[in-house]
Amino acid sequence: MFDNLLPPLNEHNLPYPDTIHPIVVHFVIAMVLFAFFCDVLGYFSRNSKLYEVSWWNMFVATVSIFIAIIFGQIEAGLAIAYDAVEPVLNLHTIIGWSLSGIIAALTGWRYVIRSKNPETLPMSYLGMGAILTGIVFFQVYLGDKLVWVYGLHTTEIVQAAKEGLL
Amino acid sequence: MYSDLIHQLDLGANGLPYSIPIHPNLVHLTLGLFIIGIAFDIVGVFFTFERPIFKYLAIPATRSNFFDVGWYNMVAASIITFFTVAAGFYEMLLMDAPSEVKSAWNFTAIDTMIWHGIGGVLLLALIVGMTVWRGFQRYVWRSDRSRQVQWWYLLAGLVIMFVMYIHGTLGAQLAAEFGAHNTAGHLLRLGEDPNVLLR
């Protein structure tokens with residue numbers, strides 16, 4: 001009954017031209033990975049300027065991941081996920097929501113470290129950064145699979161799914 | 001492109017010797033680092049207006065730190081983009097797409113690919129040029145000023161972001177409208193069912 005209130009969907013099964021989630025995740029992936037890189041470089045070169053660079057990059061990542069999740073949920077809901085995709089999409093969703101908590105917590109911890117002394121970084125934070133980097137890599141791999149292996153929101157797959165071929 | 005030569009390679013259904021394209025992953029880094037680099041230089045330039053906000057939020061912030069982010073992010077964007085373009089050209093050489101399909105911008109696959117290739121080289125040159133420009137501002141011309149970047153630099157950054165938007169849309173069209181290197185798309189074209197084969 002609410003069908004006529006929804007915007008029309010295009011050949012990507014989207015109400016707007018192209019997917020937005022893969023664009024917003026630039027600002028999570030690049031910022032988290034570069035923050036960890038700067039932490040490691042700053043730790044070994046004893047350049048505390050790089051700690052500031054990583055803190056602000058984590059700040060951006062924290063804001064961005066919630067926007068990424070909003071668009072991720074919209075586009076997952078419109079994806080016409082066929083049976084074979086479902087386990088990958090579910091795992092990508094669970095890890096995505098978990099990452100919002102993990103990234104926000106790490107940025108919060110970083111805020112405390114920085115407030116106390118912006119020139120040092122405990123090894124334990126670096127360790128957590130390494131774990132976060134690993135999770136982000138895995139999450140990117142899953143997202144890649146959704147697009148590049150399963151073809152969600154590509155015209156060929158959307159058309160085949162709408163015709164009931166999948 | 002040289003179809004009989006390409007057949008000598010051991011490629012998967014997606015037309016690549018590996019399961020997931022590399023170029024679109026490096027793109028995250030190029031765009032994320034460049035855009036946030038410019039964004040932090042803008043934050044640095046307008047610091048006077050933001051100071052009360054950061055104070056209200058109890059987030060200690062120093063103007064020079066924002067310019068540090070602007071500089072280091074730009075350097076990283078420059079370095080990574082060489083690899084982004086290299087991976088892009090490699091995967092372009094192995095690209096295969098239906099010739100009769102037209103994109104939302106009314107381009108064929110080959111037109112889209114050529115413009116995306118030209119745009120990639122242009123953007124690499126622009127990003128490296130911006131980094132050199134930024135370096136001169138930071139260490140030579142404005143090293144003693146509190147506002148480290150010129151207005152022209154920020155304006156150029158915004159213009160380049162617009163080029164990136166056009167360029168990125170062409171890349172997205174290669175992926176989502178021409179099904180470039182898409183495993184499920186290639187399987188469909190071969191008359192196979194991805195829902196059965198990709199379980």
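Predicted model: local features only at pLDDT ≥ 70, side-chain atom pairs only at ≥ 80, totals over all residues.
Local features need pLDDT of at least 70 and side-chain atom pairs count only at pLDDT 80 or more, while totals for chains, interfaces and linings use all residues. Residues are numbered from 1 along each chain as its sequence is written, with chains lettered from A and ligands numbered from 1 in the order in which they are written.

**View 1. Where chain B meets chain A.** Here 37 residues of chain B are in contact with 37 residues of chain A (C-beta atoms, placed from the backbone, within 7 Å). On the chain B side, H2(B) gives the most, with eight residues. That side splits into 19 nonpolar, 14 polar and four charged residues (nonpolar is Ala, Val, Leu, Ile, Met, Phe, Trp, Tyr, Cys and Pro; charged is Asp, Glu, Lys and Arg; polar is the others, Gly among them).

**View 2. Helix H4 (residues 86-116) of chain A****.** Helices are DSSP runs of H or I, at least four residues, numbered from the N terminus. At 1.5 Å a residue (times one less than the number of residues), the 31 residues of H4(A) should span 45 Å, and the end C-alpha atoms agree at 45 Å apart. Among its buried residues are His92(A), Leu99(A) and Arg110(A) (20 or more other C-beta atoms within 10 Å of a residue's own, all placed from the backbone). Their cover includes helices H2, H3 and H5 of chain A.

**View 3. H2(B) against H4(B)****.** The two axes, lines fitted to C-alpha atoms over the stretch in contact, come within 7 Å and cross at roughly 155°. That makes the pair roughly antiparallel (over 145 degrees between N-to-C directions, on a scale from 0 to 180). By class, this contact has 17 nonpolar, nine polar and three charged residues.

Conventions:
Contact = placed C-beta atoms within 7 Å. Helix = DSSP H or I, 4+ residues; strand = E, 2+ residues; numbered from the N terminus. Buried ≥ 20, exposed ≤ 12 C-beta atoms within 10 Å, placed from the backbone. Parallel < 35°, antiparallel > 145°, perpendicular 65-115°, else oblique.
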